[in-house]
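Please describe this protein model from its overall make-up down to selected side-chain pairs, with the cut-offs behind each term.

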Amino acid sequence: MGEKPAAAGQLPGCPDQAVEVRGIQFRRENALNYLTARSFDIASSDIQAFNLAGESRPVQTDSLVNSLSLYDVISPVLHSVSIGTIGIEKAKLQYSLAVKEKVEVYKLANFDFHAYDFRVDSASEARHGLWYSRNFSFEANDIEGMMTARNHRFTVKRMALDTESGDFNLEQVRLRPLSIRSRNDYMSGSIDTVGIRGLLYDKGISARLLKVDRPDLHYVVAPSSHKKEVKAAAPMNSRVDVEAILNPFLRYLSVKRVSLNNGNVAVEDKSAAEPVIYKLNDFNFFATDILVDRETGKGKGLFFDYQDMGFSFSNFDNYLPGKEYRLSVRKGQFSTVKGVLQLQDIKLLPEETGRQKGKTFVRFSSPELRISGLKRIPERPDRNIRLTSFQVDSPDIRVFKPDGGGLSASLKRLALDGISWDSTSLKLGTIRLDSPVADIYPGRYPDTLSRKAKKEPVDLYATLGKIAGEISLDRFSLTDANIQYAYYGKSDSLQHQKLDTTNLLVEGLTVDNRRRSYKLDDIRFSTRNLVLPLDNGFYTLKLGGVDLTKSSALVEHIRLVSPYPKMEFAYLQPRHADWFDVSVGSVSLTGIDLPSYFTDKVLRIDDVQVSDAVLQNFKNQQIPGPRHIVPMIYSGLQKAPVKLDFKRVGVKNFSVVYEELAKKGKTPGKLFFTDMNGTFSGFTNLVSRPDQYIRLDANGKLMGQGAFTATWKLPVDSLNDRFLLNARLDSFDLTALNELIVPLASAEVQSGHVREMTFSTEASSKGATVEMLFLYNDLKAALLKEKDGELTDKKFLTSLVNLILKHDNPDKTRKGYNNPRHSNVSIIRDPYHSTFNYLWQILRPPLIESVGVSKKKQDVAKHVATFFTKVKNFFRGKKKATEKTVPEGNKEDTLSLEFEPVNN
């Protein structure tokens, strides 16, 4: 009944109970023999078939038996055999097949078979159809298969096929492995029913419908076997046993529609370092125009081709590889008809065992994730992705760091549109973040930031180049963001701040990572009430508002404040640093060249304007601090990590207030400059020529009344240790300096008026030369002492001082005035003080020389004072080891004018 006679090695044995042939006829026409019969029936037979050659023996294509068709076998006797119906009733069938040196046995306990219009003749080879019949049907019950070579056993309660209607059914299919200690993968499970409609068999299996109900399958990936002493010639395919079971269906399968209903699938991966089980519950699947053949099996994506497909599942809850996270999805569905993947109630949760490994972990949840534009499942998502949109509703993200710090963020919606990516290009249409709320909190250690090792600057183009050669974004919008963050402030207490109403819009951004360039059509950023901790909480930077566009920026209401009172600050600050307070009305930047920053790492700005700024500084000499060499103010700019090139920097209405408390003082002395305006030109740290300077032209008022002008030239090149300063002061009442002199020097100016003061200096970090012309009239001073809590005049010493002082410059004579006294001196810098203090070091000698005490006498007096101090200390005994030595230039009743930078 087959297409060809039994192959060599098959030994048919048929102990039939009944064989009946009806309507048999034999006739001879034109010397040819014809055999016909109305029916051929076999009842209650017990059939055994053997194929002991099996798959291991190669087929001999030149064998006579293998080369002959059924017609070739009967044609010497019969030209044609025709039987109306063939029936096999209540038969038992056992088929033995040799596979891989083992014998597999298949049994059918109850087998019925019917074939219609069976015919073998000279034309039957071309149109033999199904077993040389017009159609046939069979039904089998209690089927068993012992696949010893493939480590599996199966049972089927019922199997039925009718080729006339094209129906095929399987019921209660069960599969299990013979051994679970195999080196190959294995599978177990059950299927309630398998139904095929419109079945045809031509070059393979084709059908109109394939329906599978309630499959419950468990697939096990076998543990990896590593033998170091043996090198395998080729990697082992552990799926060989399972593929062998499915192989007849994988050679060629064409189905118009596939439907899988209420399935449960589990994959147990024992090859991983930590075995894990993945489960998919209540799985439903459909596909149209499914095609499986040898060509589709060659791809690295799906092993089949399709027109449309979709699936749904529920209650997905599984570990991810590595078992550090669990992913749960309450419901998921996908369809290429709509091109939408939808996941509901998503949760990504870190496992507690994984969190104990000291890593940073993420927790994520969202009520819904929706991806559209998936008309096909990407075969290689690591190389190519095309999506219409990607949307996450109300995502909640938590980040946990090993030190206890972290981040929590939530927003109304995250949406991406128009996504296209491959290794050469990433294109994004729009990205929207609606109403995000973020909470950032620090770790357990207040000085976490100071403990971190310095990192090399990130090359943005190199980093983005790992994603794609070119990245483009049509539009990015962040609206109504509210950000809360905490930091360690006063007494290591946790301080909480809030950033209100932050918005960001980016349009037309294209980044070419290969050419290291980018294009930006527009950018707009705004935020309010930004608060940043500095210097481990000893200072707080507050920004009332920040507004940024493509080429301009405006920062308003800037404050640098300390939570500690200025009189107590140096006691509490670990380095006993000075107290500062800064306020700025606004900082405006125009002509910002962002492309040059990302391309050349140079921040270029056409114009910077600083308005309404007040700098307050308080130095408490009653708290000695550690001595350290203070670099010049311009060296910070020279060594800045960012290259700057500002064409113009303007300062309007700038005030500086310096206060200092003497070692034994009760009230601080004050020096202040007000109404200052200035312009920097050539403000840069890019060296273009050897003799290059930043120029500051400034004017203002000393102590609120003395108008002055100044020009300060600062070197750009770090190899050029030289700066120039020229200044002029007109019409100043010297008694205004008593706010500074009385508290610090126990002296006061009783009278004196400056008509004009000019000076110029050429200085370096080592020392300076200065020329000064100090024209004044009626200078008188007094030395003071404290008596009964009040300062009184030391009249005798005051008279001596006024005898030494030159009361006028030029001196008055009976004949008029002498020539003005000019001062020209050189000084050596005390490097343990700031640049502003250095300016006082420069000015003090020529000022004193101008009022009657030459630089030579000043130096002698300083050495004599030092000698008497040492003698006095000798007789009083040595200072305690913990008491710090005061530098010579900063002794009691001397004015230090120290400005120290705020460390952040």
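Predicted model: local features only at pLDDT ≥ 70, side-chain atom pairs only at ≥ 80, totals over all residues.

Residues are numbered from 1 along each chain as its sequence is written, and side-chain values use heavy atoms, with hydrogens and water left out.

**Overall make-up**

The protein has 14 helices and 42 strands, both taken as DSSP runs numbered from the N terminus (helices, H or I, of at least four residues; strands, E, of at least two). Of its 904 residues, 41% count as buried, where buried means under 20% relative accessible area, exposed means over 50% and partly exposed lies in between (1.4 Å probe, protein chains only). The protein exposes about 50,600 Å², of which carbon and sulfur atoms supply 56%; accessible areas come from the Shrake-Rupley method with a 1.4 Å probe, and for residues only the protein chains shown count as cover. Among contacts (heavy atoms within 4.5 Å) with a separation of 6 or more, 62% are between residues 24 or more positions apart.

**Aromatic rings**

The structure holds 22 aromatic pairs, a pair being rings of Phe, Tyr or Trp (its six-membered ring) whose centres lie within 6.5 Å, with planes under 30 degrees apart called stacked, over 60 edge-to-face and the rest tilted. One of them joins Phe311 and Phe313, a stacked pair with 6.3 Å from centre to centre and 20° between the planes. Phe311 is partly exposed at 21% relative accessible area, while Phe313 counts as buried at 12%. Phe646 and Phe683 have ring centres 5.6 Å apart and planes at 15°, so this pair is stacked as well. Because Phe646 lies in strand E32 (residues 643–661) and Phe683 in strand E33 (residues 669–684), the pair ties together parts that are 37 residues apart in sequence; both residues are buried. One aromatic cluster is formed by Phe283, Phe285, Phe311, Phe313, Phe316 and Phe334.

Rings also meet charged groups, a charge being said to sit over a ring if NZ of Lys or CZ of Arg is within 6 Å of the ring centre and within 35 degrees of the ring normal. Arg376 lies over the face of Tyr306 at 4.0 Å from the ring centre, and the charged end of Lys566 sits over the ring of Phe618, 5.9 Å from its centre.

**A surface patch and a strand residue**

Phe796, Leu797, Leu800, Leu803 and Ile804 form a nonpolar patch on the surface, with about 540 Å² of accessible area together. Patches are made of residues with over 30% relative accessible area and no salt bridge, with like charges joined within 9 Å and nonpolar side chains (Val, Leu, Ile, Met, Phe, Trp, Tyr) within 5 Å. Leu797 is found in helix H12 (residues 795–804) and is partly exposed, at 36% relative accessible area.

Val276, by contrast, is buried at 3% relative accessible area and has its place in strand E14 (residues 276–293). Leaving aside residues up to four places away in sequence, Val276 touches Val267, Glu268, Asp269, Tyr319 and Lys323. From Val276 to Lys323 the C-alpha distance is 7.3 Å, although the two are 47 residues apart in sequence.

**Salt bridges**

Side chains of opposite charge can pair when their charged atoms come close. A search of the whole structure finds 39 salt bridges, each a side-chain nitrogen of Lys or Arg within 4 Å of a carboxyl oxygen of Asp or Glu. The table lists examples.

| Salt bridge | N to O distance |
|---|---|
| Asp289 and Lys256 | 3.7 Å |
| Arg432 and Asp417 | 3.4 Å |
| Arg559 and Asp581 | 3.0 Å |

Arg559 lies in strand E29 (residues 552–561) and Asp581 in strand E30 (residues 579–593), so their pair ties together parts that are 22 residues apart in sequence. Arg559 counts as partly exposed at 32% relative accessibility, whereas Asp581 counts as buried at 9%. Salt bridges that share partners also join Asp117, Arg134 and Glu164 into one network.
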